[in-house]
Amino acid sequence: MEPSDGLRAVADRCAARIDRERLTATLSELISLPSVNPFGGELGDGQGELLVARYLDDRLGRLGWDGDVVEYAPGRYNAVARLAGGGGQVLMLAGHLDTVETTGYPEPFAGAVRGGRVYGRGACDMKAALACYVEAAEVLAAEAVELPGDLVVAGVGDEEYRQEGAKALGLRADGVIIGEPTELVICHATKGLAAYDLTVTGEATHSSVPQHGSNAILGAAALLGSFGEYVRLLERRGHPLLGPPTANVGVIEGGVKPNIVPSSCTVQLSRRLLPGETAAGAREELVGVLAGAGGSARWSLGDSWWTVEPYELPAGHPLGGVVAVAAELSGLADTVPRGFPGSSDAAYFGSPVVLFGPGSLAQAHSLDEWVPVEEMVTATEVYLRSALAFGG
Ligand SMILES: [Zn+2]
């Protein structure tokens, strides 16, 4: 749907008002607020989603947004802020407040700006998008724009681990844009994830008489012999936006000493899930593959202990068209919907979602994370144009 001439003029004025310096400074400030996900452990000293939640609440509050910082679990936070619009459909700009860890990362929180990029942990994944949301709010305030419907900014915790922030949000919107680092590609689907423990049990004995025991590590090796065939089986499947699912052998642990036949071996496996697949279904399939490997080892495969649901925008949903037109008007040549290869919290918003944001997964989670400022400017423009057009 093409925007009307009046709307187009307002959007063009808003786009021209995006302040690159302010946007860059906002991201540097966000990076300086450490919010490393504790992954089930203790929060680091002076760390936490609260710092970022308060920052968003403060910046948007000063612009007249109605905001709230919510403790969804002890020490863990979401931030929600709303700009009241004209009663039309509600658009949410969502992003996670947490980052992955910083072990081995020199100066992760400096937020340095060099050569048109901003550097630091969380730069692209995904404090850049949070900075873009704040910049969009600055522009809307400066232009005193009334949007067709409410615009919500939601900063959620725990995306990198169990997505508890998005699960606890309890707030629905008619459309959600999540600014994960898609390199400004519009993504209508994300893969999910399931992780399983394969436990192989043997019988310990003196290594000089191995025939009296049963070697759990060799048992695991025999079972994993079927893995290559499993991967090839998965490669024959495909999703139009996401391609085939994948599987990984991530961790193997077993044995005590070289002179003892090991009695146990544990293997951590993971499987990327396509929309329509479930962790339970993928487990059943894996059990079948392992059972087909033969061998005499005793083994069991547990239920998934780490599940991230896959997500796909319903075909033809108007949110997809709104973001595509906004991207085109912002100068992007390629607005064809694709799939986001990583997992995300998209499935837990209970609302239609498009993923679109600055930066690349190639830098996310790396020890040299950065985002191009130019992409942030374009993303801000796309968010603004989407907010002006959605539900109007
Ligand atoms: Zn992310």
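Author: A salt bridge here is a side-chain nitrogen of Lys or Arg within 4 Å of a carboxyl oxygen of Asp or Glu. Note also that the model is predicted.

Reader: Which side chain of opposite charge is nearest to Glu 180?

Author: Glu 180 sits in the loop between strand E7 (175-178) and strand E8 (187-190). Glu 180 is buried and has no salt bridge. A salt bridge would need a nitrogen within 4 Å of a carboxyl oxygen. The nearest side chain of opposite charge is 11 Å away and belongs to Arg 272.

Reader: With which side chain does the side chain of Glu 180 make a polar contact?

Author: Leaving out residues up to four places away in sequence, Glu 180 touches several residues, among them Asp 125, Met 126, Glu 159 and His 96. For one of these, a polar contact between side chains is found at 3.3 Å, and the partner is His 96.

Reader: Is the peptide bond from Asp 125 to Met 126 cis or trans?

Author: Asp 125 and Met 126 are both among the residues that Glu 180 touches. Met 126 belongs to helix H4 (residues 123-142). Omega for the bond from Asp 125 to Met 126 is near -15°, and the bond is cis.

Reader: Is Glu 107 buried or exposed?

Author: Glu 107 lies in the loop between strand E3 (88-96) and strand E4 (113-114). Its phi is near 45°, a positive value in a residue other than glycine. The relative accessible area of Glu 107 is 64%. The cut-off for that class is over 50%, so Glu 107 is exposed.

Reader: And Asp 158, is that residue buried or exposed?

Author: Asp 158 is in the loop between strand E6 (149-156) and helix H5 (164-169). Asp 158 is not a glycine, yet has a positive phi of about 65°. Its relative accessibility is 3%. Since the cut-off is under 20%, Asp 158 counts as buried.

Reader: How far apart in space are Ile 31 and Ala 131, C-alpha to C-alpha?

Author: Ile 31 is part of helix H2 (residues 20-31) and is buried, at 0% relative accessibility. Beyond its neighbours within four places in sequence, Ile 31 has contacts that include Pro 108, Phe 109, Tyr 119 and Lys 127. Ile 31 and Ala 131 are separated by 100 residues in sequence, and their C-alpha atoms are 10.0 Å apart.

Reader: How far apart in space are Gly 228 and Ser 214?

Author: Gly 228 is in helix H7 (residues 227-235). At 32% relative accessibility, Gly 228 counts as partly exposed. Gly 228 and Ser 214 are 14 residues apart in sequence, while the C-alpha to C-alpha distance is 25 Å.

Reader: Which residues form the covered face of strand E13?

Author: In a regular strand the side chains alternate between the two faces of the sheet. In strand E13 (residues 264-273) the uncovered face holds Ser 264, Thr 266, Gln 268, Ser 270 and Arg 272. The covered face is Cys 265, Val 267, Leu 269, Arg 271 and Leu 273.

Methods
Residues numbered from 1 in each chain as written. Predicted model: local features only at pLDDT ≥ 70, side-chain atom pairs only at ≥ 80, totals over all residues. Heavy atoms only, no water. Helix = DSSP H or I, 4+ residues; strand = E, 2+ residues; numbered from the N terminus. Buried < 20%, exposed > 50% of the residue type's maximum accessible area, 1.4 Å probe, protein only. Lys, Arg positive; Asp, Glu negative; His and termini not counted. Polar contact = N/O pair within 3.5 Å; in protein donor to acceptor, adjacent residues only side chain to side chain. Contact = heavy atoms within 4.5 Å.
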